[in-house]
Amino acid sequence: MKALEEKIVKEGAVLPGNILKVNSFLNHRIDAAFIMEMGEEIARLFYEDKPTLIFTIETSGIAIAMAAAVNLGIPLVFAKKHKSGNLSGDLYKTTVHSFTHGTDYTVVAEKNFINENDRVLIVDDFLANGKALEGLIDIVNQAGAVTVGAATAIEKGFQHGGDALREKGYKVCSLAIVDSMDDSGNITFRQQ
Ligand code: 5GP
């Protein structure tokens, strides 16, 4: 999505540790109209896969997932992060390693919100090593549902999480794929 690439170049900042900061439109301040455009694009890419449910992870995936859900006319469930693995109740649980925080955390979703009839489209803001998406896919599998694919706003292609999932056969679409970035703010994108 050309407009997203331009926004990343104009407003993004490259932080130490391969972090791309896009707080002006995606991760802190939300450019609602632009996020809705990204949701439209995700809907266009996945309409033919007939998803019945969007699944994301709190917090920063929610806005773009909501935009995709509105455009596809389907509900949205966001997995919740918990510090402790000590949880009871009818929950699906998995463990995710956080790229940005360097720690493991438990992710849960209520069992009655995803079931075996669902065709799930996973949506997130960033795709780096792919651990967040793998955790969400694990929950979809526990529910006996089908993962129709994953859509992310920004994929950092040089961390290879997206390509690993594609090699496993998943349809993974990212609206912008950063192939390289450096501390001086030089960013190159994969042609798609
Ligand atoms: P992964 O699990 O694919 O390694 O990382 C994806 C998750 O880490 C996303 O949910 C996102 O919140 C966070 N993340 C990874 N890389 C970045 C980054 O460069 N910038 C920001 N803002 N978040 C990131």
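Helices (H or I, at least four residues) and strands (E, at least two) are DSSP runs, numbered from the N terminus. These labels are used in the legends below, and the model shown is predicted.

**Figure 1. The shell of residues around the ligand.** The ligand is surrounded by 17 residues, and the closest are Leu 20, Ala 128, Asn 129, Gly 130 and Lys 156. The space that the ligand takes is the largest pocket. Two or more residues of the shell come from each of strand E2 (19–21), strand E7 (119–127) and helix H4 (131–142). With 4 residues, E7 makes the greatest contribution to the shell.

Figure 2. On its own, the ligand has 510 Å² of accessible area, of which the protein covers 89%.

**Figure 3. A salt bridge between Lys 171 and Asp 49.** Side chains of opposite charge can pair when their charged atoms come close. Here the side chains of Lys 171 and Asp 49 form a salt bridge, with 2.5 Å from N to O. Lys 171 is placed in the loop between helix H5 (161–167) and strand E9 (172–181), and Asp 49 in the loop between helix H2 (32–46) and strand E3 (53–57); the pair therefore ties together parts that lie 122 residues apart in sequence. In the whole structure, a search finds 11 salt bridges.

Figure 4. Met 36, Met 66 and Val 70 make a nonpolar surface patch of about 270 Å². Of these residues, Val 70 belongs to helix H3 (residues 62–72).

**Figure 5. The cis peptide bond between Glu 58 and Thr 59.** Glu 58 and Thr 59 are joined by a cis peptide bond, for which omega is about 0 degrees. Thr 59 is part of the loop between E3 and H3.

**Figure 6. The backbone at Asn 18.** Although Asn 18 is not a glycine, its phi is positive, at about 60 degrees. Asn 18 is located in the loop between strand E1 (13–15) and E2. Strand E2 is also one of the elements that give two or more residues to the shell around the ligand.

Key. Residues are numbered from 1 along each chain as its sequence is written. This is a predicted model: local features need pLDDT of at least 70, side-chain atom pairs count only at pLDDT 80 or more; totals for chains, interfaces and linings use all residues. Side-chain values use heavy atoms; hydrogens and water are left out. Patches are made of residues with over 30% relative accessible area and no salt bridge: like charges are joined within 9 Å, nonpolar side chains (Val, Leu, Ile, Met, Phe, Trp, Tyr) within 5 Å. Accessible areas come from the Shrake-Rupley method with a 1.4 Å probe; for residues, only the protein chains shown count as cover. A salt bridge is a side-chain nitrogen of Lys or Arg within 4 Å of a carboxyl oxygen of Asp or Glu. A residue is near a molecule or strand if one of its heavy atoms lies within 4 Å of it. On a 1 Å grid over the protein atoms alone, a cavity is a set of points where a 1.4 Å probe fits but cannot get out, and a pocket is an open set with protein on both sides within 12 Å along at least five of seven lines; lining residues have an atom within 4 Å of a point. A molecule sits in a cavity or pocket if more than half of its atoms lie within 2 Å of its grid points.
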